[in-house]
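Work through the two exercises below with the sequence and the structure open beside you, and try each task before reading its solution.

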Amino acid sequence: MNPSASAQVEWGDRLFRVGDKVMQTRNNYDKGVFNGDVGFIRRIDRENLVVKVEFAEEAGPLLVEYDFHELDELVLAYAVTVHKSQGSEYPAVVLPLVREHRMLLQRNLLYTAITRAKRFCVIVGQPSALEYAVHNDRVALRNTGLAERLLELRRNPIQISG
């Protein structure tokens with residue numbers, strides 16, 4: 001999406017360039033950025049091993065400095081999953097829907113995807129996939145083992161001595 005530039009940095013399997021759209025992948029309270037925040041790389045300083053990312057905030061732009069070793073907190077954000085987009089809005093959303101992704105064709109995910117769009121949403125794919133998602137109001141069971149752990153704690157409570 002972003003043509004080769006003189007200011008770029010390769011970190012692990014990622015290549016970041018000035019102008020790249022990036023997403024913060026975990027909360028960083030020290031920097032004031034949070035999981036899902038989207039910004040643009042404004043400067044790469046190879047001499048000082050620093051990348052500056054501008055995030056749009058209601059109070060005005062926030063320029064955040066990342067040392068190279070902190071670049072694991074960022075991913076390119078030209079395309080984002082529905083899960084990662086929760087809590088955000090975008091001018092336009094392009095939503096691919098195909099029957100091969102049957103497990104993801106759920107009404108709640110479809111609703112979340114469509115409501116991320118501020119101006120318009122384009123759905124590309126198979127009409128039967130859209131129909132399936134609209135009628136599928138079953139949320140997939142999550143096998144976490146939480147219920148079993150809580151029962152075990154109830155039978156064998158943890159004793160804390162102070």
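UniProt positions are given in the numbering used here, feature names are shortened, and annotations may be inferred rather than shown by experiment. The model is predicted, with local features needing pLDDT of at least 70 and side-chain atom pairs counting only at pLDDT 80 or more, while totals for chains, interfaces and linings use all residues. Residues are numbered from 1 along each chain as its sequence is written, and side-chain values use heavy atoms, with hydrogens and water left out.

**Exercise 1.** Find which residues the UniProt domain annotation covers, and describe the chain there.

*Solution.* Begin with the record: the unreviewed UniProt entry places "domain: UvrD-like helicase C-terminal" at residues 76–124. Next, take the secondary structure, where helices (H or I, at least four residues) and strands (E, at least two) are DSSP runs numbered from the N terminus. Over residues 76–124 the chain is 24% helix and 35% strand, and the C-alpha atoms at the ends lie 22 Å apart.

**Exercise 2.** Determine which element gives the most residues to the lining of the largest pocket, and how that lining divides by class.

Key
Ala, Val, Leu, Ile, Met, Phe, Trp, Tyr, Cys and Pro count as nonpolar, Asp, Glu, Lys and Arg as charged, and the others, Gly among them, as polar.
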